[in-house]
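Take a moment to look over the sequence and the 3D structure below. The paragraphs after it go from one chain boundary to the next and end inside a single chain.

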Amino acid sequence: MNRTVRLGLFAISAAGLAALLFWSLIGLPDFGHYHWPYGKLLNAVAVNERHTTNVVGVTVFDYRGFDTLGEEFILFTAVVGVSLLLRKDRDERVLRDPVRSDGVRLLGMLTVAAVLVLGLWVVAFGYVTPGGGFQGGVVLAGAFLLVYLAGSYGDFEALTPHTPVEIAEALGAGAFAVLGFVGLAYEGAYLRNFLGIGDTGTLYSGGSVALLNWATAIEVTAAMVVLFSEFLNVYMVPVADWRT
Amino acid sequence: MTYLPYAVAAWLFLVGLYGVVSSRNLIHLALCLSVMQSATYVLLLAVGYKNKATAPIFRGIPVGHPAVDPVVQALTLTDIVVSVTVVALILALALDVHKQGHTVDPDHIAGMSG
Amino acid sequence: MNALLAFPVALPLAGAAFIALTDDSTPEELKDIPAMLVAAATTTISTIILIRSERVTLVHWFGGWQPRHGLAIGIGFVAEPIGAGMAALAGLLVTGALVFSWHYMEEAPRLYRVLMLVFLGGMSGFALSGDLFNMFVWFELMGVAAYALAGYMVEELGPLQGALNFAITNSIGAFMILFGVALLYGRTGALNLAQIGRTLAGHPADGLVIVAFALLASGFLVKSALVPFHLWLADAYAVAPAPVCVVFAGAMSEVGLFGLARIYWTVFEPSFAPNASAVRDVLLVVGISTALVGAVMAFLQRHLKRLLAYTVISHVGVTLCGIALLNGSGLAGAANLVLSHGFLKAGLFLACGVLLREFRGVDELNLHGRGRRLPVLGTAFAVGAFGLIGLPYVGTFLGHSLLDEGAIQHGHAWLPPLIMVAAGVSTGAILRAAARVFAGWGPKRDPLLTPEPPEEPPEEETNRVLMVTVVVLFVAVGICLSAVPGLQDRTEHAADRFRDRHAYVERTLFGQAGTYGPSAPVVLHRATGASIGYGIGATAIALATALFGLFRQRIPATIRSFGTRTLEPAVDGLKSVHTGIAGDYVMWITVGTAVLGGVWALTLRGP
């Protein structure tokens with residue numbers, strides 16, 4: 001089956017698929033005219049029921065929290081999978097590969113500090129203002145990556161030792177699952193809120209949403225750091241060969 | 001004009017699909033899958049949009065003020081995580097393929113067929 | 001609210017995280033135990049759920065968010081016998097696979113156990129979920145775990161190719177599902193299956209509904225590997241470790257069909273009711289072509305796992321035919337086929353695992369006669385293959401007879417003979433392999449069979465007695481399934497309940513618990529003449545195929561050359577479609593989706 005045949009058959013069927021997709025999209029309500037009750041109901045009741053002002057956050061961690069459990073474990077599984085697939089390529093040689101410019105290093109240090117604070121803030125206030133465990137977790141992982149970019153690979157490796165990071169990742173994912181069981185034990189439904197819902201608009205609100213939020217943040221940060229670490233290690237191997 | 005966002009979603013889907021079918025490089029292929037995934041984000045978010053409504057964050061805004069649908073945003077968040085994981089796995093596989101076969105061309109790694 | 005429903009998902013996931021944490025500190029001898037215990041516990045709970053669901057459909061709303069005035073605001077799990085049975089089957093297969101792989105996986109065993117448990121959680125979630133997006137999440141979780149498990153042996157190009165083709169094609173299937181979910185959400189504003197169905201029910205099917213169904217169906221058909229979405233499966237199953245194949249072949253391949261059945265009966269049935277025959281006919285064509293293509297391709301293989309992979313495709317095609325009939329008998333037949341195929345295939349794949357360890361290869365021609373010193377294994381292999389034919393009260397008999405009944409009831413009397421041919425040819429291929437490997441029959445060369453690159457299995461001390469015992473157990477259970485009294489009535493009741501949309505909606509959205517009468521009688525029905533005839537016919541075809549495969553050279557030369565001249569182009573054409581290249585596979589997926597959508601666009605519109 002050569003490429004020409006493949007692309008030809010594809011062109012014909014893609015044209016058909018395009019027609020079908022555009023035909024289906026006509027059946028959607030006009031853009032900007034969302035009128036369904038599910039979203040409206042959540043917007044109306046979420047603030048009262050859980051005292052959180054970020055309705056997306058409370059949807060992710062409470063109303064549809066079970067989806068988030070699956071999502072957490074998808075990330076966990078992908079990291080396990082990548083570790084499995086790249087297990088032969090690990091090289092334990094120490095390689096510094098430092099950035100040489102002092103200006104970049106200084107700027108890097110300041111930026112890393114700022115990004116860390118930003119990430120922690122995005123996580124902590126995730127159910128009050130836009131943000132949350134996922135978003136903040138990625139920002140925090142970005143701070144670690146900045147250490148490599150503005151510093152050296154050796155610094156990155158020193159800051160992200162393999163075992164504690166993997167433990168953090170498993171702990172984050174496991175904590176989410178276990179918190180669900182706590183909800184089951186105390187309130188009769190898996191992932192049901194079991195803490196007081198506090199005051200609207202403050203950090204103390206949302207009940208277990210806050211705990212789930214932090215479990216997610218820890219898991220996502222650790223997962224992204226493991227991914228960066230695995231891929232960077234594979235990248236650094238030929239660099240190590242070349243530099244030594 | 002009201003259907004343009006939906007059309008963009010369909011277009012992204014088809015372009016990504018073309019990229020996957022015609023790809024000569026596994027890294028490129030992984031990113032084309034990512035483009036296809038973006039099509040679903042655009043569609044989801046477009047479906048939930050409401051004219052003249054704010055984000056569903058009620059800090060400083062009274063409850064009852066028109067806001068867009070929070071559910072699709074939650075779905076898109078989940079969707080993004082799924083996309084990251086699939087791309088990560090395919091990239092890891094691409095690295096392994098390069099190590100074993102010294103190529104990243106998907107057309108040239110077929111050992112098994114028939 | 002039934003708290004037990006959370007466990008089939010939350011328990012294996014929490015267990016996986018626990019094992020990831022503690023595996024390094026567990027003593028070497030005991031490392032396999034936690035995973036086995038978690039899997040066994042999950043299976044037990046799923047079975048309890050199955051038993052309880054026979055009386056009443058069980059419901060659990062996560063987070064405690066009950067529906068308000070018929071509007072679902074949380075995610076619900078709905079356990080009825082077929083879904084609960086699917087979850088229990090998955091649990092059994094994973095537990096068996098973990099027992100088999102005691103000290104079998106010497107590389108990264110911790111990661112293997114974690115992935116298997118996560119896989120179990122994903123499958124259980126998919127089978128029990130009552131929310132469309134939630135189903136998608138578990139579908140993806142299963143997929144991600146599976147891609148990594150398929151590529152386990154990273155030092156050879158074959159597994160990498162298989163894992164890549166798997167990941168790419170199934171991801172595209174997942175994107176199509178997601179597109180369909182977004183379309184349905186735009187139309188109905190709901191993600192709960194019962195609620196979507198209720199909202200769509202009042203209106204005729206239009207472009208959006210038809211295309212959403214086509215996209216969702218295509219996505220599920222990719223996962224279950226039906227023609228033309230099936231090309232990735234042989235590449236992936238041929239290279240995945242044997243215990244992983246057990247779970248793939250026994251549960252993962254069937255899960256896509258379960259999803260298709262679920263969305264049809266809960267969401268789309270009322271919209272398509274005036275034109276249901278369009279759905280039926282298209283899916284029947286897909287199913288029977290898959291059954292036949294899979295059977296023929298199986299016959300053309302010499303790599304044993306690839307051969308079995310094609311028989312999986314063939315069987316999935318037959319199962320789809322059962323679902324496609326859109327009646328109770330067909331669905332009950334499909335459910336029974338999933339059960340019996342699950343166990344028998346598990347045994348056959350595990351037997352390949354034993355062969356790989358003993359003889360360091362799974363090529364049928366290279367293994368010629370070497371299996372003679374493993375008589376127990378050889379017997380189990382042959383018995384397992386016979387179980388697949390459908391002789392009265394053996395193996396897949398119950399599934400096939402229910403399916404045939406469903407077909408004849410609906411005036412599709414042409415279906416059973418074709419299924420008989422497909423089942424016969426695919427089983428014949430397995431029997432041919434069994435005879436060549438375990439008895440030394442047939443020649444050592446055969447240019448018709450496609451050679452594949454050799455594998456290098458890692459060196460490891462394994463417990464052969466344990467492995468063979470697990471094989472024998474799986475085959476024994478699979479063989480006896482058709483002789484279980486009361487199973488037929490129970491699956492027929494379960495199938496009727498599965499198709500009852502009103503009861504489903506009342507139960508999930510309004511909490512009206514309809515109890516389902518006294519338990520079905522525990523009797524064994526007499527085999528009908530038609531089903532006995534089927535069994536005998538299939539056996540004859542299987543034996544003829546096997547003998548043809550082994551002793552083809554003895555056919556007189558004139559007939560043989562005539563046969564070669566006529567059939568060779570077809571065979572080469574079929575083989576040339578299965579290129580091993582991802583781009584081609586994705587092209588065929590596009591073709592399939594466009595054709596399905598196009599045909600349904602023309603036939604499913606309005607009354």
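How many salt bridges are there between chain A and chain B? The count is two. The model is a predicted one, and every value here was computed from it. In one of these salt bridges, Arg3(A) pairs with Asp107(B), and the closest N and O atoms are 2.9 Å apart. Polar contacts also link chain A and chain B: 14 residue pairs are counted, with both residues at pLDDT 80 or more.

Several helices of chain A build the side that touches chain B. Helix 1 (3-26), helix 2 (37-50), helix 3 (55-63), helix 4 (65-85), helix 6 (133-150) and helix 9 (208-243) of chain A each give at least two residues to that side. Helix 1 of chain A provides the largest share, eleven residues. Sorted by class, the residues on this side of chain A are 32 nonpolar, eleven polar and nine charged.

The extent of this boundary can be given in residues and in area. In residues, 52 of chain A are in contact with 48 of chain B. In area, chain A and chain B bury about 4,500 Å² between them, and 73% of that lies on carbon and sulfur atoms. Of the area that chain A buries against chain B, 16% is supplied by Phe10(A), Phe31(A) and Tyr34(A), more than by any other three residues.

Now turn to the boundary of chain C and chain A. Here 76 residues of chain C are in contact with 57 residues of chain A. The buried area is about 5,700 Å², with carbon and sulfur atoms giving 76% of it. Four salt bridges are found across this interface. Arg64(A) and Asp131(C) form a salt bridge through their side chains, at 2.7 Å from N to O. Between chain C and chain A, 14 residue pairs are in polar contact, both residues being at pLDDT 80 or more.

On the side of chain C that touches chain A, at least two residues come from each of several elements, among them strand 1 (58-61), helix 4 (109-128), helix 6 (157-188) and helix 22 (582-603) of chain C. The largest share, eleven residues, belongs to helix 22 of chain C. By class, this side of chain C has 49 nonpolar, 17 polar and ten charged residues.

One pair of helices shows how chain A and chain C meet. The axes of helix 8 (residues 162-187) of chain A and helix 1 (residues 7-22) of chain C come within 8 Å and cross at roughly 150°. The crossing is left-handed. Residues of helix 8 of chain A, including Ile167(A), Gly174(A) and Phe181(A), meet residues of helix 1 of chain C, including Phe7(C), Ala14(C) and Leu21(C). This helix contact has 13 nonpolar residues, one polar residue and no charged residues.

Salt bridges also occur within a chain. Over all chains, the structure holds 23 salt bridges. In one of them, the side chains of Glu452(C) and Arg306(C) meet at 3.2 Å, N to O. Where in chain C do Glu452(C) and Arg306(C) lie? Glu452(C) is in the loop between helix 16 (415-439) and helix 17 (464-480) of chain C, while Arg306(C) is in helix 12 (residues 304-324) of chain C. The two residues are 146 residues apart, and their pairing links distant parts of the chain.

Key
Residues numbered from 1 in each chain as written. Chains lettered and ligands numbered in written order. Predicted model: local features only at pLDDT ≥ 70, side-chain atom pairs only at ≥ 80, totals over all residues. Heavy atoms only, no water. Axes fitted to C-alpha atoms, helices over the stretch in contact; angles between N-to-C directions. Helix = DSSP H or I, 4+ residues; strand = E, 2+ residues; numbered from the N terminus. Left-handed = near helix turned anticlockwise from the far one by under 90°. Contact = heavy atoms within 4.5 Å. Nonpolar A, V, L, I, M, F, W, Y, C, P; charged D, E, K, R; others polar. Buried area = accessible area lost by both parts, 1.4 Å probe. Polar contact = N/O pair within 3.5 Å; in protein donor to acceptor, adjacent residues only side chain to side chain.
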